[in-house]
Amino acid sequence: AMPHRLYTLVFPMDKARHRVLLGMKKRGFGCGKLNGFGGKVEPAETIEQGAIRELAEESGLLAAAVDKCGLLLFYFEDNPVAMEVHVYQTHGCGGAAVETEEMRPEWFAVDNMPFDQMWADDRYWWPFVLSGDKFVGRFWLKADQVTITRSELVRVDGL
Ligand code: 6U4
Ligand code: NA
Ligand code: NA
């Protein structure tokens with residue numbers, strides 16, 4: 001089977017869940033895009049621990065726990081390793097959003113997301129995050145990392 005590399009992606013919301021913090025990525029994969037907070041899962045941690053760690057490192061927000069929303073699989077035309085991204089939301093975090101070397105944070109209304117500045121797939125699965133329905137999405141992308149050539153998105157009972 002095709003090898004997968006594990007990543008996390010966390011969407012921190014305010015207590016009322018009206019706004020979500022996104023980060024403008026300043027370097028590396030996704031540079032110039034607004035996205036959630038996350039990164040590679042390290043060998044000595046669980047996926048949830050990785051999610052909480054990356055959220056803190058990239059945003060300054062401290063989450064006691066994160067809630068799983070969905071699973072995304074990305075298959076890039078020129079890369080034999082699939083990206084397996086575990087998506088979480090959390091709300092009412094401690095700490096305060098700070099700009100880091102990697103991310104410039106900004107709050108957005110959850111029902112008015114800046115999809116034009118986000119990854120092309122985000123607009124398809126974001127409604128599932130808001131409704132609380134769990135989802136699995138698979139996206140096949142060209143080497144340019146933005147052109148989706150095929151996609152599948154389904155609601156699932158559990159993850
Ligand atoms: P370094 O810089 O090596 O420490 P690291 O922070 O571990 O990297 P990074 O930032 O390259 O990893 O991880 C990629 C991030 O991009 C993960 O949070 C997942 C996220 N991501 C990947 N595809 C995405 C997509 N289509 N939509 C989205 N986020 C995506 O919103
Ligand atoms: Na990252
Ligand atoms: Na990292």
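Colleague: How many bridges join strand β9 to β10?

Modeller: This is a predicted model. In it, β9 covers residues 134-141 and runs antiparallel to β10. The number of bridges joining the two strands is 8.

Colleague: Which residue in the hairpin of β9 and β10 takes a positive phi?

Modeller: The hairpin has 6 residues between its strands. A positive phi near 70° occurs there. The residue is Q145.

Colleague: How many residues of strand β10 are buried?

Modeller: β10 spans residues 148-156, which makes 9 residues. Buried here requires 20 or more other C-beta atoms within 10 Å of the residue's own.

Colleague: Within what arc do the buried residues of α2 fall?

Modeller: Helix α2 covers residues 122-131, and its buried residues are D122, F128 and V129. Seen down the helix axis, they line one face, because they fall within an arc of 125°.

Colleague: Which residues are exposed on the other side of α2?

Modeller: The buried residues of α2 pack against β1, β5, β6, β9 and β10. The other side of the helix carries exposed residues. They are R123, P127 and S131.

Colleague: Which strand gives the most to the shell around ligand 1?

Modeller: The ligand is surrounded by 18 residues, with F29, G38, G39, K40 and W119 the closest. The shell divides into 8 nonpolar, 7 polar and 3 charged residues. β1 and β6 each supply at least two of its residues. The top contributor, with 3 residues, is β1.

Notes
Residues are numbered from 1 along each chain as its sequence is written. Chains are lettered from A and ligands numbered from 1 in the order in which they are written. This is a predicted model: local features need pLDDT of at least 70, side-chain atom pairs count only at pLDDT 80 or more; totals for chains, interfaces and linings use all residues. A residue is near a molecule or strand if its C-beta atom, placed from the backbone, lies within 6 Å of it. Helices (H or I, at least four residues) and strands (E, at least two) are DSSP runs, numbered from the N terminus. Ala, Val, Leu, Ile, Met, Phe, Trp, Tyr, Cys and Pro count as nonpolar, Asp, Glu, Lys and Arg as charged, and the others, Gly among them, as polar. A residue is buried if 20 or more other C-beta atoms lie within 10 Å of its own, exposed if 12 or fewer, and partly exposed in between; C-beta atoms are placed from the backbone. Two strands pair if DSSP finds at least two bridges between them. The arc is that of the directions from the helix axis to the C-beta atoms. Two residues are in contact if their C-beta atoms, placed from the backbone, lie within 7 Å.
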